[in-house]
Amino acid sequence: MCPCCGIEKETLIHALKDCPRARAVLMYGGLNNALMEGRYWRCVDWIEDAARLLDNKALSDFVTVLWNIWNSRNNKVFRNTDEEAWVIWYRAAGLNREFRIFNFVERPLIPKSDGEKGWQKPGARVVKINFDAAVDWSRMSFGLVARDHEGFVLGGRAGVLENQTGVEWAELQAFAKSVELVREKRWLKVELESDCANLVNRLNNACADFSLYGYRIQKLLNSVDSCFTFNFVWAPRCCNKMADKLCAWAFTNNCTKAFDMDYPIEIHDVILKDAIN
């Protein structure tokens, strides 16, 4: 039986369309009434009908809502958590805004490159810090490396920490370690680069984020003197290889290390390739 309503046998079409909880989410978002009517034996038939009625952008939003309905169902099954329809809808709306950069249906906001890019140099007298995080069960690793506008390594950090909060909070922890390094070295003009689009969006809109995650970001930013200037940049993973390599190195060696110019030999090849690019 359906774990959310307990009325009918759970099938895919029931879980995403016919269950009263799913219908409440779809109706809250003002879905076309034609899609709410009719009986379907297969979920794919319903989605095909939606594709005939909705334009590309609306269909993309529709699929995101279905994905969040399914996640809400899993929260009920595995965590016994009940969520209101408006909570599920606004979570889907937030995802559509934050991850619009990865929306392959519409024209991309960042044009695709012809070939793989490497690390990009910042402006003159600006220190760029690339940071990343990885999660492995109850542990996380972080890696960050600071370079000047010529690409010379100025320092960095890598380490392993306990983690019970998931990938997004691990990325935030890596950012916190970057802020610690900035305060320690007194670099006044800093560009912080990450391949986590969600975190970069939140950093650039910290004043408008009233979530617990946003509060933690604001607290970190307020911990730095106003004489420091920060610029937060998103970069594809191919431009963040060194931080990713440091995460893997920390997991492999199960250690925490701070370095200046004496960086681990394991990242030498990545540094050399970035310098050539």
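Visitor: In the structure above, is Asn75 buried or exposed?
Guide: The model is predicted, and for that reason local features need pLDDT of at least 70 and side-chain atom pairs count only at pLDDT 80 or more, whereas totals for chains, interfaces and linings use all residues. Residues are numbered from 1 along each chain as its sequence is written, and side-chain values use heavy atoms, with hydrogens and water left out. Asn75 belongs to helix 5, residues 56-79, where helices (H or I, at least four residues) and strands (E, at least two) are DSSP runs numbered from the N terminus. Residues under 20% relative accessible area count as buried, those over 50% as exposed and those in between as partly exposed, with a 1.4 Å probe and protein chains only, so Asn75, with a relative accessible area of 16%, is buried.

Visitor: Which residue does the side chain of Asn75 join through a polar contact of 2.6 Å?
Guide: A polar contact is a pair of N or O atoms within 3.5 Å; within protein, one must be able to donate a hydrogen and the other to accept it, and residues adjacent in sequence count only if both atoms are side-chain atoms. Setting aside residues up to four places away in sequence, Asn75 touches Asn80, Thr81 and Glu83, a contact meaning heavy atoms within 4.5 Å. The polar contact of 2.6 Å joins the side chain of Asn75 to that of Arg79.

Visitor: What is the phi angle of Asn80?
Guide: Asn80 has its place in the loop between helix 5 and helix 6 (85-98), and this residue is exposed, with a relative accessible area of 57%. Although Asn80 is a residue other than glycine, its phi has a positive value, near 55°.

Visitor: Which other loop residue has a positive phi, near 60°?
Guide: The residue is found in the loop between helix 6 and strand 1, and with a relative accessible area of 69% it is exposed. With a phi near 60° in a residue other than glycine, the residue is Arg125.

Visitor: How far apart are the C-alpha atoms of Arg147 and Lys128?
Guide: Arg147 lies in strand 2, residues 139-147, and at 2% relative accessibility counts as buried. Among the residues that Arg147 touches, not counting those up to four places away in sequence, are Lys128, Asn130, Met242 and Asp274. Arg147 and Lys128 are 19 residues apart along the chain, and their C-alpha atoms are separated by 5.4 Å.

Visitor: How are helix 7 and helix 8 oriented to each other?
Guide: The axes, which are lines fitted to C-alpha atoms over the stretch in contact, with angles running from 0 to 180 degrees between N-to-C directions, come within 10 Å and cross at roughly 60° for helix 7 (residues 167-185) and helix 8 (residues 197-204). Glu168, Glu171, Leu172 and Phe175 in helix 7 meet Asn198, Leu199 and Leu203 in helix 8. Angles under 35 degrees count as roughly parallel, over 145 as roughly antiparallel, 65 to 115 as roughly perpendicular and the rest as oblique, and therefore helix 7 and helix 8 are oblique.

Visitor: Which helix is roughly parallel to helix 7?
Guide: Residues of helix 7 including Trp169, Ala176 and Val179 meet residues of the partner helix, among them Tyr213, Ile217 and Leu221. The two pack at an angle of about 5°, with their axes 10 Å apart. The helix that is therefore roughly parallel to helix 7 is helix 9.

Visitor: How many of the eight residues of helix 8 are buried?
Guide: The buried residues in helix 8 are Ala197, Asn198, Leu199, Val200, Arg202 and Leu203. Helix 8 is largely enclosed by the rest of the structure, because the buried ones among its eight residues number six.
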